[in-house]
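This briefing covers the chain shown below.

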Amino acid sequence: MHKFIIKKFLIAIFSMMLLTSCKKTETGDIIVSNINIVDVKNGLLIKQQDVIISGNRIKKIIPHDRFNLKSNVILEGSGKFLIPGLWDMHTHMRSYSGSDNLPMFIFYGVTGIRDLGLTNHKLIKHWKSQIEQNVIIGPRIISSGSIIEGSDPSFKSSIVINKLEDVEPVLDSLIAQDIQVVKLFHTIPSEVFKDIIRYSKKRGIVTSGHIPDDMNQITAAQAGLNSIEHLYGIWNTLSNYNNLDFSADEIENLAQVLIENNIYQTPTLVSEEYYSKLGQASKNRKTEQLLFETNQYLELTPKYFNSWWSMLKEQHMQNLTDDDYLQARSSFEFMREITVKLNDLGVKILAGTDVPNPYVITGISLHNELEHFVNGGMSPSDALKTATLYPAQYFNRSDELGSIDENYIADLVVLDANPLENISNTKRIHSVIYNGRLLTQENLRTIKADQLQSLAEYSEDDFDQFIYMDVRRNGVDSVRRKYADIDRSNANAKYKIESYHLVRLSKALKEGFQFEEAKKALEWNLELFPEDEITKALLLEQRN
Ligand SMILES: [Zn+2]
């Protein structure tokens with residue numbers, strides 16, 4: 001009896017050893033073990049998988065416990081959810097210094113952005129190489145470089161094309177700078193607009209843009225504009241748009257043309273929502289504070305955004321009437337309805353925010369955009385596609401980005417809760433993997449602490465922060481004229497002005513490869529502070 005038990009015990013041990021030794025071993029640089037993968041293509045969960053990452057690629061995905069796992073970095077994923085890294089498909093980045101708000105994308109799981117202009121492309125390229133070399137933390141950037149406008153450009157950084165003969169040479173020069181998307185403005189004459197799209201296609205570059213007033217979404221789609229921003233031109237497309245209504249025939253016809261031509265829509269609802277929030281804010285001061293000033297995400301935002309936004313908010317609230325607010329609310333809701341309807345009909349929607357529009361905050365706003373989609377009636381699984389699968393398809397890179405598959409680039413977000421059940425769970429970020437690099441909870445906390453520390457050097461009242469967005473848009477000369485009669489003796493002035501402010505501005509412009517503008521900032525400073533030795537020395541250095 002006793003002997004028999006021992007024998008049985010030995011057999012059990014032996015067979016366990018046999019089983020273990022039969023299991024193959026898988027090695028990787030990072031292994032995420034026993035995690036639920038969100039399959040964005042099919043809107044399904046694939047439960048309890050081991051994801052093996054080698055270099056910056058996903059090497060293997062296997063059911064949990066099938067293999068022995070060997071890695072220096074094993075992330076225990078049980079009860080957690082893995083989604084592809086998110087894309088913000090409409091941004092206008094411009095850091096004041098260093099990389100100031102780029103890490104915030106990664107902090108919020110946004111591992112890729114499509115940047116649609118206003119930033120010097122040399123700076124973007126500089127960031128890209130620094131990100132690649134792990135010098136700074138930031139997302140994958142696909143950039144348009146300058147915006148293309150017709151005559152009288154709204155932005156100093158724009159490039160003008162208003163003649164057919166300029167189309168090919170100007171696009172050639174942009175493409176020679178390594179841009180990966182062409183951004184068009186509604187001010188371009190329509191025949192030139194169509195020709196820019198034709199030539200971009202020929203050169204293999206995707207397009208994105210606003211639509212000229214004498215075109216509508218149907219004609220823009222037929223011309224092949226790859227993505228329509230802000231639902232631009234929808235008012236010329238739906239005959240009853242002004243009454244915030246559309247017929248089933250009309251919207252189905254539009255959807256059909258968009259699908260046939262493979263055109264995406266980037267509605268940027270989160271930017272649209274701002275005006276309707278102003279309406280609520282205008283009711284009473286407390287709501288205003290709640291909606292804007294006490295926003296918990298503001299503390300992570302560069303001061304030059306905050307001061308620009310609060311100035312715009314004041315202007316808007318002075319000029320807008322109650323009727324305007326109501327209209328803004330219904331127009332926001334109508335745009336959301338159109339977006340969800342087009343999605344239901346099979347049109348591909350892209351999640352984009354238009355950060356840094358007023359109170360559209362880097363990173364977190366992308367999650368708010370997804371929430372708008374779902375609040376309007378889109379399913380969470382469709383909403384996820386707009387920030388993962390569709391961006392990859394738009395860039396023709398769906399063989400390596402936008403979903404979780406073997407040989408795909410390891411841009412991934414680990415969530416504590418299931419986003420297919422509640423889209424807001426995309427905000428419950430446990431950790432982030434970008435380009436095969438793991439950022440643990442501790443790393444993410446450090447990113448946040450570093451951000452707070454670097455922002456603490458600035459105040460919203462500092463003159464350079466106060467004028468920076470204006471400078472970026474219009475240039476130093478224009479801003480200098482605007483503040484020509486500045487009264488520095490006024491203690492109640494809206495902003496503080498010290499000699500180091502414009503020195504700091506100059507340094508930021510120089511870092512952004514805007515050398516002429518940097519010099520202009522110093523010259524202006526010398527006018528305000530003729531005795532400032534630092535400014536004198538810096539100017540001398542630049543002239544030599
Ligand atoms: Zn934009």
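Which residue is the bridge partner of isoleucine 113 in β10? The partner is isoleucine 141. The model is a predicted one, and the points below are grouped by topic.

**The sheet of β8, β9 and β10**

- β8, β9 and β10 form an open sheet of three strands in that order, with parallel pairing.
- β8 (86–91) and β10 (140–143) are the edge strands; each has a single partner strand, so one side of each has no neighbour in the sheet.
- From one strand to the next, the twist averages 20°.

**Strand β7 and its partners**

- Strands of a sheet can pair in parallel or antiparallel fashion, through backbone hydrogen bonds.
- β7 pairs with strand β2 (residues 30–39) in parallel, through two bridges.
- With strand β17 (residues 412–415), β7 pairs in the antiparallel sense, over four bridges.
- Leucine 82 of β7 is the bridge partner of isoleucine 37, and leucine 82 also stands opposite valine 414 in β17.
- Side chains in a regular strand alternate between the two faces of the sheet.
- In β7 (residues 81–84), Phe81 and Ile83 point one way, while Leu82 and Pro84 point the other way.
- All four of these residues, Phe81, Leu82, Ile83 and Pro84, are buried.

**The chain as a whole**

- The secondary structure comprises 20 helices and 19 strands.
- The radius of gyration is 26 Å, close to the 24 Å given by the globule rule for 544 residues, so the chain is as compact as a globular protein of that length.
- Along the principal axes, the C-alpha atoms fill a box of roughly 105 × 65 × 55 Å.
- Of the 544 residues, 45% are buried.
- Among contacts with a separation of 6 or more, 71% are between residues 24 or more positions apart.

**Domains and their contact**

- The domain assignment gives domain 1 (86–406) and domain 2 (463–543).
- The centres of domain 1 and domain 2, taken over C-alpha atoms, are separated by 31 Å.
- Domain 1 and domain 2 put 13 residues each into the contact.
- On the side of domain 1 that touches domain 2, α3 (121–132) and α10 (303–319) each supply at least two residues.
- α10 gives the most to that side, with four residues.
- By class, that side of domain 1 has six nonpolar, three polar and four charged residues.

Terms used
Residues are numbered from 1 along each chain as its sequence is written. This is a predicted model: local features need pLDDT of at least 70, side-chain atom pairs count only at pLDDT 80 or more; totals for chains, interfaces and linings use all residues. A residue is buried if 20 or more other C-beta atoms lie within 10 Å of its own, exposed if 12 or fewer, and partly exposed in between; C-beta atoms are placed from the backbone. Two strands pair if DSSP finds at least two bridges between them. Axes are lines fitted to C-alpha atoms, for helices over the stretch in contact, and angles run from 0 to 180 degrees between N-to-C directions. The radius of gyration is taken over C-alpha atoms; the globule rule is 2.2 Å times the number of residues to the power 0.38. Two residues are in contact if their C-beta atoms, placed from the backbone, lie within 7 Å. Domain bounds come from an automatic or database domain assignment. Ala, Val, Leu, Ile, Met, Phe, Trp, Tyr, Cys and Pro count as nonpolar, Asp, Glu, Lys and Arg as charged, and the others, Gly among them, as polar.
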